[in-house]
Structures are given as C-alpha cells and as structure tokens.
Amino acid sequence: MSLVTVGFDLASLTTGDIASYSPIDGRLLGRVASTTTSELNDALSQSVSAFHQWRTVPAPRRGELVRLFGAVVRKHKAELAQLITLEAGKVSSEAAGEVQEIIDICDFAVGLSRQLYGLTITSERREHHLLERWHPLGPVGVITAFNFPMAVWAWNASLALVCGNSIVWKPSEKTPLTACALFHVLNAVCASFSDAPQGLSKLIQGDRTIGEHLVKDRRVTLLSATGSTRMGREVAAQVARRFGRSLLELGGNNAMIVSPSAREDLAVRAITFSVAATTGQRCTTLRRLYIHESKYDVIISRLKKAFGSLHIGNPLSDDVLVGPLIDETAFNTMQQSLAAARVAGARITYGERVTMAGLSNGYYVRPALVELDSMIDVCKEETFAPILYVFRYRHLEQAIAQNNEVAQGLSSSLMTQDLSESERFLSAEGSDCGIANINIGPSGAEIGGAFGGEKETGGGREAGSDSWKAYMRRQTQTINYSSELPLAQGVKFDIG
Ligand code: NAD
C-alpha cells in the first residue's frame, strides 16, 4: 500500500528551500518549502475559525475523527515506519514502535472523548450547586523535535482534537517529510468527515524562525514544545510574556542505579537498550549509570561485551539494532563530549565512528562506555548521542542524591530485588524525576502514563493519565436554584 492514496507522494517533493537528507547515507530524500510569515498568519486565522466550529461538535463525535485517523495509520503502519527510518535513521523495529504509539494514543483518545469528566462540588449555600467543567481551549501549536518525528505530534494532536481544539504543527526542519506524510493522513480523514471544519489541522514548515513567530502569536492558546532545554527556555519566556500556556517536554539526563541485589541479566539488557536505542537520541536515553561497588566489575565487563557486539548498520535491515546519528553535527558533538571526559581522566571504551560499506556519508558510532570516579561538567549536560557515564557507589542514599544532582529531571530507574530499596527510590525522598522505574531502564514509556519531567525538562505532561487537562480550560460554575440570594461566607449585602 502506498501513501499516495492519502495524498503524500515523496517523489513529487523536489522543490523548496528545506532539503531532507537521509542519515543512512546522506542522500537527498526530498524538499519542502518553508512557510512564510504571511502563510502562517493565514493558517492561524483558519485555525481560529476551525476552532470556533470544532468546539461545538460533541466530544464523542470528535473522538470518531481520531478513531478514523488511527485506523488509517494502522493501515499504513509499514510505509509510515519506513519513512521514519529513512528520514530519522531509526531502526525498523523502533520506527514501527513509533507508529504503534500513534495508534495507541488514538485508541486512548477515543475512549477519553467520552470521559472528559468534571466535578460536582457541594455548596455551602442552600439550593445551590457547584460544578467544574472542562471546555475546549483554542488553537494548539505543536513544535516537535527530530527524534520522534511522528509520535510526539500524535500525542498532542489526538488529545487536542478530542478536547475540541484546532492544531498547528511545526515539525523539526530535520524531519519535514515524515511530518508531511502524517499530516496528509489526517487531512485525508478530515476531508471525508462532515463535522471537521476547514483548517482544523495545519502544518507549517521551517526552522526556529517560523517557530518563533508561532510562539509569539496570541492566537495560539497552548504552545506545546518538545526539544532541547535551550529551546524551551526561549519558548517559555515568549509564551509567558503574552500570558499564553506552554507545555514543555525538554532535554533529559537520565540515570540508572544497579543495586547489590539487581538481576545482572536484566540490568545488562536494560542498560544496553536504554543507551543504544535510537542511537542515544531519545530524551529518555540512559546517560549516567551508578553501579554498587560489589557488582561494578561484573557489570562493566558484561557491558563491554554487549556494547562490543551490538549490530550497527543500515537501519532498514531487520537485524540491525543501532542505526546512524542524525547528522555530522551530532557526531562532532559526541566526539567533543568524549574528548572533554578524556581530559578529565575518564577511561573510555568505544565511542568511535563505525564505517559502513556504501554508507560512507552516514555517521555510525559504537555506543561509548565512559568510566569516571566522580561527576564532571560534561556529565551534567545532555549530549544527544550514545554515551554512558559510569560511576561506582557504596550507599543507596548517595546514588539517589547523584541521580538527582543534575538540572534535568525526566527519567530514572533502579535495578533491585530489595523492596525497601525500591520503596525508598519511589518515595518522596527518592528520585526527583517525572518518571521512576524499577527493574526496567529509563527509556521506552507506554502511552497510558503521563509522560514528562521536572526541573529543566520543563514540567509538562503529555499522553496518558489526566494529561488531557492541559488542552482544556477549567470553568467553575455556581448554580442557584433558590428564590434567595445568599452570599458565600455569610456576607450580608442588603440593598433594601
Ligand atoms: P531542538 O531544540 O534543536 O529543536 C526542537 C524544535 O524546536 C525544532 O522544531 C526547532 O525548529 C524548534 N525550535 C528551536 N528553537 C526554537 C525557538 N527559539 N522558538 C521556536 N522553535 C524553536 O531539538 P532537537 O535537536 O530537534 O531534538 C533533541 C532534543 O529534544 C533533546 O534535547 C531531547 O531530549 C529533546 N526531546 C525531549 C522530549 C521530551 O518529551 N522531553 C522528547 C523528544 C526530544
């Protein structure tokens, strides 16, 4: 099956100032044009009109649109996944997993469309009652990063749509084609859905310049931005200046603690996956590892073996586990971080470029294992590449403190069979991250939970649980069905 049936034809995308090169081999995949500010202005006007109509459509009916969208995505799962592999370099199984996430969040959002529950609250006044209701918010701007070029938009879009909002998407300039394809899928569904107004879903292409215009525009009631902490710092300030709402999903610097009772097999697999998946380019990638001194030597030796035997190569081949980095800049940044660690006395295993016959323009690397005696500056930053900094620890309290020592607060995990350790890690004095796992790595979340992190990760929550509330406005309503007008708190105001 081809995506041409939904109006996306890769072969026809040959003009425009944004060129998309495949990280697999550096070949040109296609071109799209940057959106101009006047086109953005038109898109936002249409988005506002679309919102005014869409908010009056009953939520379960809005859910029906999302159900149909999810069904078409399911039908085209293989082609969408292949496009992710071509443009973002994800290995086939992970790319298919990313498309599965879209399907899962659609299913979730369909159920949610009948569960946008408010509250009833008892009133202190006779014959009164209080309600809390949730109403649609307005046009939702969604800025996404290159590493999840489809799923992150889908998390936002499916919830925003069932909540009664219109959506405007600015994808990463590194993955404009995957965005284009998914946008066409939704548009094709909207075109045959009688209640979907024109302009319900908009796509704008370009780099941060057009993103900045989107961020500043007052018509965007919620700006959901996924990307680096640097980006989030700029976006948050701009949105706050106009008293808009922002939902930030920013960088991570995730740790795992391997305690004395940890199952070694589980630990080695969880570590290797969490470091190497998406070639270390996940916000939840494992970057810091604290191993109890009693287990240090055995775990390190098994990790060296596991990292050394990872099958690195063309991500289109089913048996490959590690594909390329997104581009040369990512490779150079990785090498700079390794050089800084080396200067600070780190013992480094692997991390070198791996050359592939026929793929010499791709940047393939073997994940690096960097052993350190204590935290150095470079470990406190997120280098978006597969580098694992490893430390030994003696007391759990010390390892938890180190888990929490960095500025980011996305994901964390503890490998243990000891209940008291696990409870301590999950308690108020444990991990300070938005995600805390036991006996799995920090990477690979399910859509059912709220996804996001604290501190410089931005504090936003997306996907499951009650994340939908970010896409709606809350209204407290008081209804008086008496013939009196008693005032709250017993206040008297008799006008005779
Ligand atoms: P990036 O910050 O370079 O770009 C992300 C997006 O923001 C792009 O669309 C870019 O054009 C746009 N942008 C950049 N500056 C902007 C500005 N000032 N105003 C408006 N838009 C702007 O990030 P990237 O390299 O594409 O992605 C990697 C980063 O994303 C990592 O830090 C990673 O941890 C983070 N990320 C976080 C999550 C999460 O859920 N927490 C998920 C995926 C990626």
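**Entry 1: a pair of helices**

I began with helix H2 (residues 59-75) and helix H6 (residues 176-191), whose axes come within 9 Å and cross at roughly 130°; axes here are lines fitted to C-alpha atoms, for helices over the stretch in contact, with angles running from 0 to 180 degrees between N-to-C directions. That angle makes H2 oblique to H6, since angles under 35 degrees count as roughly parallel, over 145 as roughly antiparallel, 65 to 115 as roughly perpendicular and the rest as oblique. This is a predicted model, in which local features need pLDDT of at least 70 and side-chain atom pairs count only at pLDDT 80 or more, while totals for chains, interfaces and linings use all residues. I kept the numbering that runs from 1 along each chain as its sequence is written.

Helices are DSSP runs (H or I, at least four residues), numbered from the N terminus.

**Entry 2: what H2 and H6 bring together**

I listed Leu 65, Leu 68, Phe 69, Val 72 and Val 73 on H2, which meet Val 185, Leu 186, Ala 188, Val 189 and Cys 190 on H6; contact requires C-beta atoms, placed from the backbone, to lie within 7 Å.

I then looked up the domain assignment, automatic or from a database, which gives domain 1 (2-250 + 458-476) and domain 2 (254-438). Their centres, taken over C-alpha atoms, are 31 Å apart, and the contact takes 14 residues from domain 1 and 18 residues from domain 2. On the domain 1 side, helix H3 (77-88) and helix H4 (92-112) each supply at least two residues, and that side has five nonpolar, five polar and four charged residues.

Notes
Contact = placed C-beta atoms within 7 Å. Nonpolar A, V, L, I, M, F, W, Y, C, P; charged D, E, K, R; others polar.
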